[in-house]
Amino acid sequence: MNKRILRFGFLIGLVGGGAMALFAMAATWATGRGFFTVVNLFAHTFWRDAPMDGTFSAAALGLGLLIHLVMSTMVGTTIAWLVDRGQLDAGIVILFGVGIGSAVWVVQAFAWTAIDADAHQQFTPWILATAHLVFALGAATFLTWLQRRDDIGIGIGLATAFDTDTDTDTGGAVVPGVVTEPPEPADHLTAPRATRSGFSRTVPVPSESAPELP
């Protein structure tokens with residue numbers, strides 16, 4: 001597993017985990033359980049003094065978010081690694097992500113029950129199931145954007161800050177802080193391109209009919 005996959009995994013885990021946490025916290029608040037119930041239950045898994053209702057606790061909030069971030073990035077990295085190994089096209093990644101999210105939900109149900117059955121039972125089942133689906137859709141959708149950006153060289157932003165190995169072709173636009181090289185001769189723009197799914201960059205293939213430069 002290379003650094004590039006780890007960066008992709010961290011990013012998609014961060015996005016998917018953030019979407020999952022926001023949904024779950026909003027859902028528990030809307031159902032009258034309290035906005036901080038979710039992170040309190042996460043924290044209670046490893047800290048038995050954490051509240052199990054919507055009571056605000058700075059310690060439980062910090063611990064709960066840390067646990068959730070670690071788990072989300074671990075799952076995100078696993079998704080990134082499996083997608084790269086299978087060389088999946090971007091269009092299949094979302095369906096693949098939903099499958100991974102469903103599997104994680106099942107595994108999590110057994111694991112959480114074994115570690116802290118009380119906290120697991122306090123988590124509304126339909127909110128927990130839907131939250132995993134939100135994670136999967138968020139992570140997979142963001143991954144397809146990262147794949148597309150990686151293939152055609154667009155989307156200078158957060159991903160570029162973590163993925164310094166990728167191309168920075170911006171279609172001629174001037175981007176602050178990005179050093180661009182002079183363009184190749186026009187004849188090379190029509191050369192065929194070798195592409196590969198997953199996280200590999202698009203690599204230009206020299207054309208046999210391209211004239212030699214003097």
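Leaving aside its neighbours within four places in sequence, which residues is Phe123 in contact with? Counting contact as heavy atoms within 4.5 Å, the residues are Ala24, Val38, Leu41, Phe42, Trp112 and Leu128.

Some ground rules before going on. This is a predicted model, where local features need pLDDT of at least 70 and side-chain atom pairs count only at pLDDT 80 or more, while totals for chains, interfaces and linings use all residues. Residues are numbered from 1 along each chain as its sequence is written, and side-chain values use heavy atoms, with hydrogens and water left out.

Back to Phe123. Its relative accessibility is 4%, so Phe123 counts as buried; the cut-offs are under 20% relative accessible area for buried, over 50% for exposed, and partly exposed in between, with a 1.4 Å probe and protein chains only. Trp112 is buried as well, at 6%.

Now the core. In soluble globular proteins, nonpolar side chains tend to be buried together. Here a nonpolar core is a set of buried Ala, Val, Leu, Ile, Met, Phe, Trp, Tyr and Cys residues joined through side-chain atoms within 4.5 Å. The largest one has 31 residues, and those with the most contacts inside it are Ile12, Ile79, Trp112, Phe123 and Leu143. Two or more residues come from each of helices H1 (3-30), H2 (37-44), H3, H4 (90-115) and H6 (125-152). H6 gives the most, nine residues. Helices are DSSP runs of H or I, at least four residues, numbered from the N terminus.

Next, the aromatic rings. Rings of Phe, Tyr and Trp (its six-membered ring) pair if their centres lie within 6.5 Å; planes under 30 degrees apart are stacked, over 60 edge-to-face, and the rest tilted. That rule gives six aromatic pairs. The rings of Trp112 and Phe123 have centres 5.8 Å apart and planes at 70°, so this pair is edge-to-face. It links distant parts of the chain: Trp112 is in H4, and Phe123 is in the loop between H5 (117-122) and H6, 11 residues apart.

What about Phe142 and Trp145? Their ring centres are 5.7 Å apart and their planes at 15°, so they are stacked. Both lie in H6, three residues apart, about one turn of the helix. Phe142 is buried, at 18%, whereas Trp145 is partly exposed, at 37%.

Finally, ring pairs also link Phe35, Phe36 and Phe56 into a cluster.
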